[in-house]
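The sequence and the structure come first.

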Amino acid sequence: MIDRLEKSKCCGCGACVSACPTDAVVMKEDREGYLYPRVDAEVCVQCQICEKVCPAVKRRSKRDSLLKAYACYYQEEGIRARSTSGGIFSAIAEYLLEEKKGKVYGVCFNDNFMTEYSSADNKNELGKFRGSKYSQCSGNNVYQDVKKELARSRTVLFSGLPCQIEGLRSYLGRDYESLYLLDMVCFGIGSPGLWRSYRTEFHPHAEEICFKDKSEGWKNWKVFIRENGEDHYYSRYDNLYMKSYLERINLRPSCYECQFKGLQRNSDFTIADCWGMGEKSILNDNKGLSALLLHTDKAADLFEQIKNKLLFEEYDPELLMAGNWAVYRNAEKSIEREKFFEQIYQGDFKENYRRLMGSMKE
Ligand SMILES: Cc1cc2nc3c(=O)[nH]c(=O)nc-3n(C[C@H](O)[C@H](O)[C@H](O)COP(=O)(O)OP(=O)(O)OC[C@H]3O[C@@H](n4cnc5c(N)ncnc54)[C@H](O)[C@@H]3O)c2cc1C
Ligand code: SF4
Ligand code: SF4
Ligand code: SF4
């Protein structure tokens with residue numbers, strides 16, 4: 001059964017949950033706080049559908065993609081300032097919402113700052129998706145929702161981590177002309193259980209959180225937390241949660257063996273920080289620059305429609321992405337990882353976090 005899949009293979013995409021005809025599968029947190037499927041044997045009818053849709057069990061072949069590459073940013077300065085890199089997600093999403101009356105799916109914080117999938121029907125709702133959030137959300141029923149919208153012939157933009165895009169494709173089992181898939185270059189994803197404990201223990205009164213705040217520049221991004229009416233900016237290695245992520249401790253086991261890397265993708269668009277070549281580009285004003293890869297004709301057509309709202313430079317794809325190693329390579333597992341997750345919840349969580357991550361100010 002699907003819950004016997006090795007942990008290092010399961011990316012947590014949730015396709016098995018969505019596809020199960022008897023609702024026998026639910027996602028449950030393990031001791032590290034990551035979500036894995038659990039099957040209720042009394043409800044399971046042994047149909048094997050969960051295994052058929054699992055992108056880790058049944059690898060999908062990659063289609064030959066068109067591949068055009070741009071360094072670019074959205075010329076709406078307010079939106080770019082609140083986006084992780086050049087605001088290109090918003091430029092694409094706004095076009096599909098306004099010109100195609102589409103629906104956009106992305107990841108937002110809920111009231112407790114836990115990440116979850118949500119949808120937007122107009123551009124005023126897009127703000128919740130902006131900003132990279134380094135805690136994994138469970139797909140839950142989002143794939144079913146997407147399928148319903150597609151069945152009604154609605155245009156849909158689904159954005160997510162590369163493994164979530166593969167999970168959705170696998171669940172749908174066919175291509176849809178009205179579906180636009182947008183993935184990103186992905187270093188890896190943090191534990192939702194660890195994030196919950198960190199947030200409630202260290203920042204119980206947080207009012208706003210931005211993992212990658214660019215007010216002091218794109219290159220010099222900070223973790224921003226507003227708490228009790230006060231604004232705090234933490235350098236990325238002075239914030240314990242971010243440090244544990246960047247030091248390759250707080251990554252899902254599957255991220256060390258990710259199967260969804262490379263320049264060729266099954267999505268329509270791939271977005272990334274334009275590190276490397278982009279940093280030398282004339283477009284780099286340190287306010288955020290995106291790398292945008294177009295993989296399909298429909299992505300290229302959409303780019304033609306929005307390009308007057310962007311500043312962009314076309315590059316050879318390999319050249320543009322050469323300085324962004326996460327496109328190709330997996331993060332190497334930290335030798336501290338096992339010890340960290342063995343000890344973090346034993347006793348005083350805050351003290352443990354400080355000790356395990358070294359003597360750092362919070
Ligand atoms: C976990 C993670 C790791 C990343 N690693 C890299 C990397 O190593 N190198 C690199 O160049 N770029 C990486 N990116 C991509 C980069 O951070 C930006 O998302 C990208 O440059 C788009 O920028 P933007 O200005 O258009 O984005 P924004 O408007 O800030 O992008 C928001 C998009 O990100 C999605 N998103 C936010 N958090 C999550 C989440 N937890 N799960 C799924 N989707 C989410 C939203 O749904 C929305 O589609 C990563 C993103 C994430 C979420
Ligand atoms: S075998 Fe069928 S019924 Fe059992 S968990 Fe998988 S999909 Fe659900
Ligand atoms: S479908 Fe996704 S969540 Fe389910 S077992 Fe496979 S990889 Fe894990
Ligand atoms: S590194 Fe791979 S497995 Fe991990 S979140 Fe990113 S796409 Fe998914």
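Predicted model: local features only at pLDDT ≥ 70, side-chain atom pairs only at ≥ 80, totals over all residues.

Residues are numbered from 1 along each chain as its sequence is written, while chains are lettered from A and ligands numbered from 1 in the order in which they are written.

**The sheet**

Helices (H or I, at least four residues) and strands (E, at least two) are DSSP runs, numbered from the N terminus. Two strands pair if DSSP finds at least two bridges between them. Eight strands, in the order β5-β4-β6-β7-β11-β12-β3-β13, make up an open sheet with mixed pairing. β5 (115-120) and β13 (310-315) are the edge strands with a single partner each, so one side of each has no neighbour in the sheet. On average, neighbouring strands are turned by 25° against each other, direction ignored. α5 packs on the sheet and touches β4 (103-109), β5, β6 and β7; contact here means C-beta atoms, placed from the backbone, within 7 Å. The direction of α5 makes about 160° with that of β6, where axes are lines fitted to C-alpha atoms, for helices over the stretch in contact, and angles run from 0 to 180 degrees between N-to-C directions.

Within this sheet, β12 (residues 290-294) pairs antiparallel with β3 (residues 68-74) through five bridges. β11 (residues 269-273) is also antiparallel to β12, again over five bridges. Opposite S290 of β12 stands C72, and opposite L292 stands Y70. A291 of β12 has A272 as its bridge partner.

A residue is buried if 20 or more other C-beta atoms lie within 10 Å of its own, exposed if 12 or fewer, and partly exposed in between, with C-beta atoms placed from the backbone. Five of the five residues of β12 are buried, so the strand is largely enclosed by the rest of the structure. S290, L292 and L294 point to one side, A291 and L293 to the other.

**Helix α6**

Helix α6 (residues 162-172) has 10 of its 11 residues buried. Among them are Q164, E166 and R169, along with I165, L168 and Y171. The buried residues pack against α1 (15-19), α2 (49-53), α5 (142-151), β6 (156-159) and β7 (179-184). Just after the helix, G173 has a positive phi of about 75°.

**Ligand surroundings**

**Positive phi in loops**

Most residues other than glycine have a negative phi. S153, not a glycine, has a positive phi of about 65°. S153 lies in the loop between α5 and β6 and is exposed, with 9 other C-beta atoms within 10 Å. N286 likewise has a positive phi, near 65°. N286 sits in the loop between α9 (277-280) and β12. N286 is exposed, with 12 other C-beta atoms within 10 Å.

Notes
Contact = placed C-beta atoms within 7 Å.
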